Amino acid sequence: MVEKMKLLHITGPKGDIDRVMSQYLNHYEIHFENAMTSLNNLKNIRPFVETNLYKGACQKGEELKQYLESSRETDLEVTAEQAKEVIEAVAEEMKAVAAQREEVQEKLRRLKEWMVQIAPFLELDFELCKLRDFHFIDYQFGKIRVENYHKLEQYIHQNPYTLFYECNNDREYVWGVYFVPHTLRVELEAVYASFHFEEIQMPDDLEDTPRQAFGRAREQLAGYEQEQERLQMQAVEIVKSREQELLASCRCLEEYCHNFDIRKYAACTQPKDGGGEQYILYGWLAARDAGRLERDMAMDELIHWVEQEPGDDLMAKPPTKLKNPWFLKPFELYVEMYGLPAYHEMDPTLFVALTYTLMFGIMFGDVGQGAVLLAGGALLYQFKKMRLAGIVAVAGVWSVIFGFLYGSFFGFEDIIPALWRKPNGDIMTTLMVAIGFGAALILIAMVLNIVNALRAKEYGRLLFDQSGVAGLICYGSVLICAALFLTGHGLPAAALIGAAVGIPLVAILLKEPLSHLLEKKKVFPEGSKVMFFVEALVEGFDVVLSYATNTISFVRVGAFALSHAGMMGVVMTLAGLEQGNPNWAIIVLGNALVAGLEGLIVGIQVLRLEYYEMFSRFYSGTGKPFTSFRNKEP
């Protein structure tokens, strides 16, 4: 059901807004509206604009809390100004340590980059300082792709003026160094470049072999890491020395910054008598919470409030907050996917819970597979809180029930007797029952539309909509005639049928002018009346066609019941059940495949029936979600 709401107008001295938030409003779930949107036509109204002086300190406090192993609770109370001083003092103590940590981190970064640079050349057992003493031979370190390296080898084999020393390789690259005479450097560099040789500049300060230098770098790296750990422990000690004060300060500023955001929704006004500025807040509360809040604020002389019931005269549209028993909570997922109900609209959660799971069970009736869905869905919902899993669990219950009605257990049709009938025993009867079941659901959807229209006071929709009273009489009359014909009974007089079907249909065609007549507006819209009637005739044809197609669409309910029996029959045939020596591996795999594939398809098809054949008749889903300010992130 949709929670009943009340709109509360709260005013008081501008400087008192934070106290009101902390003392009263933070204890309730309130959906605040932007007061400026409702009051922008008044001259003495302006936005509540202030600078948050504690935001920076709050962020610093959160950074300092990272040094604590876990956030503990504290009973210490501090003011916002005291909290800012504490955090600034701790941050000041941390400055020197933070600077040293940044310096060590930069050294670590540079050292790691240096080690990555020389790592591919560790196999070069030659002191690099000696290479720099060469006067007639030039060299260049680098890497080349494996496929180009094989081509380069052929060239080097034919050219006596260059040498390539391979140091390392992997699947993509070969690392090494080539040597060329100084007089041929330019020409041979161009040759290596043509093979896509990528040059790598080795560090100029490298004197020993790459392996020796790499070993010393490892020792240096370990020293830097130890220094980093020492500085980290020093930072932790600084924070822990004032842990209680810091935690209290962070809590205070978090609450202050969260409360500060209320200014986005508030407006300010200057009284004509020259008194201090007043804030104005508009907030939606559940009706029961509104009464409690009013009692809490009753003795507070600085606060004034006005309570207002939701109505058409309100500038703000009431938000929608669903309130359902725990066993219906998972089905709110499908309602939210379509759109929350408008405030005056009926909550369809119960309707979805009943019709969705019932149709799923009809289309997927199997005791064994239904029990698996029930168990799996229940476990996932219990431990992972997945709403879809909760829906699957309830759908599995109906699958088990219809499995007993059909006499189906993991595809075996002769283990348990059918309490009702086999779906494939009489295919035509199965399909006709499915269509009749769908027609009954459409009638229920029309009744729900009438209820919603009555609650919204939309009398044109109530009387003349294709899912209103006129549609109910027209469609119901056709169904009664069809039922009489199929059961062999005589039909009523043609004139009676024509009146029962024709008059409501004409009312549906003339819905717009008849609605305008009820609302005492201009009966016909602007434009040609001839075109209006032409459009009405086309819409009438569409209405009749939609009645037929929507009803026939429910044939899939019976078709999938037949499909399930047929698919399991194929599995049993492949397993050799008829020969008396079945292959149990095929039976198990076949059950898993059918349960997974058909369960998914049936779930989607039932949801389609819910949305397109039923929701579209009575439900708009234009509601605004209720967003509690208390639960927002600061």
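Predicted model: local features only at pLDDT ≥ 70, side-chain atom pairs only at ≥ 80, totals over all residues.
Q: Is aspartate 289 buried or exposed?
A: Buried means under 20% relative accessible area. Aspartate 289 has a relative accessible area of 8%, so this residue is buried.

Q: Which residues do salt bridges that share partners join into one network?
A: Side chains of opposite charge can pair when their charged atoms come close. By the salt-bridge rule, the count comes to 34. Where such bridges share partners, one network joins Glu106, Arg109, Arg110 and Glu113.

Q: How many residues apart in sequence are the parts tied together by lysine 624 and glutamate 33?
A: The two side chains meet in a salt bridge of 2.6 Å, N to O. Lysine 624 lies in strand 12 (residues 624–625), and glutamate 33 in strand 2 (residues 31–33). The pair therefore ties together parts whose separation in sequence is 591 residues.

Q: What separates lysine 65 and glutamate 62 within helix 3?
A: Lysine 65 forms a salt bridge with glutamate 62, with the closest N and O atoms 3.9 Å apart. Lysine 65 is buried at 18% relative accessible area, while glutamate 62 is partly exposed at 28%. Because they sit 3 residues apart in helix 3 (residues 55–65), their separation is about one helical turn.

Q: How many disulfides does the structure hold?
A: A disulfide is a covalent bond between the sulfur atoms of two cysteines. The sulfur of cysteine 268 is 19 Å from the closest cysteine sulfur, in cysteine 257, so the gap is too far for a bond. For cysteine 481, the nearest cysteine sulfur, that of cysteine 474, is 10 Å away. The number of disulfides in the structure is 0.

Q: Which residue's side chain is joined to that of threonine 355 by a polar contact?
A: Threonine 355 is in helix 12 (residues 349–363). This threonine is buried, with a relative accessible area of 7%. Leaving out residues up to four places away in sequence, threonine 355 touches Leu441 and Glu610. The 2.4 Å polar contact is with glutamate 610.

Q: What distance separates the C-alpha atoms of proline 319 and glycine 425?
A: Proline 319 is in strand 11 (residues 319–320) and is buried, with a relative accessible area of 0%. Beyond its neighbours within four places in sequence, its contacts include Met5, Trp284 and Lys624. Glycine 425 is 106 residues from proline 319 along the chain, and their C-alpha atoms are separated by 51 Å.

Q: Which helices each supply at least two residues of the nonpolar patch?
A: Met428, Met432, Phe485, Leu486 and Leu491 form this surface patch, with about 550 Å² of accessible area together. Methionine 428 lies in helix 15 and is exposed, with a relative accessible area of 54%. The helices that each supply at least two patch residues are helix 15 (427–456) and helix 17 (469–486).

Technical notes: Residues numbered from 1 in each chain as written. Heavy atoms only, no water. Helix = DSSP H or I, 4+ residues; strand = E, 2+ residues; numbered from the N terminus. Buried < 20%, exposed > 50% of the residue type's maximum accessible area, 1.4 Å probe, protein only. Polar contact = N/O pair within 3.5 Å; in protein donor to acceptor, adjacent residues only side chain to side chain. Contact = heavy atoms within 4.5 Å. Disulfide = S-S within 2.5 Å. Patch = residues over 30% accessible without salt bridge, like charges linked within 9 Å, V, L, I, M, F, W, Y side chains within 5 Å. Areas by Shrake-Rupley, 256 points an atom, 1.4 Å probe, with all protein chains shown as cover. Salt bridge = Lys/Arg side-chain N within 4 Å of Asp/Glu carboxyl O.
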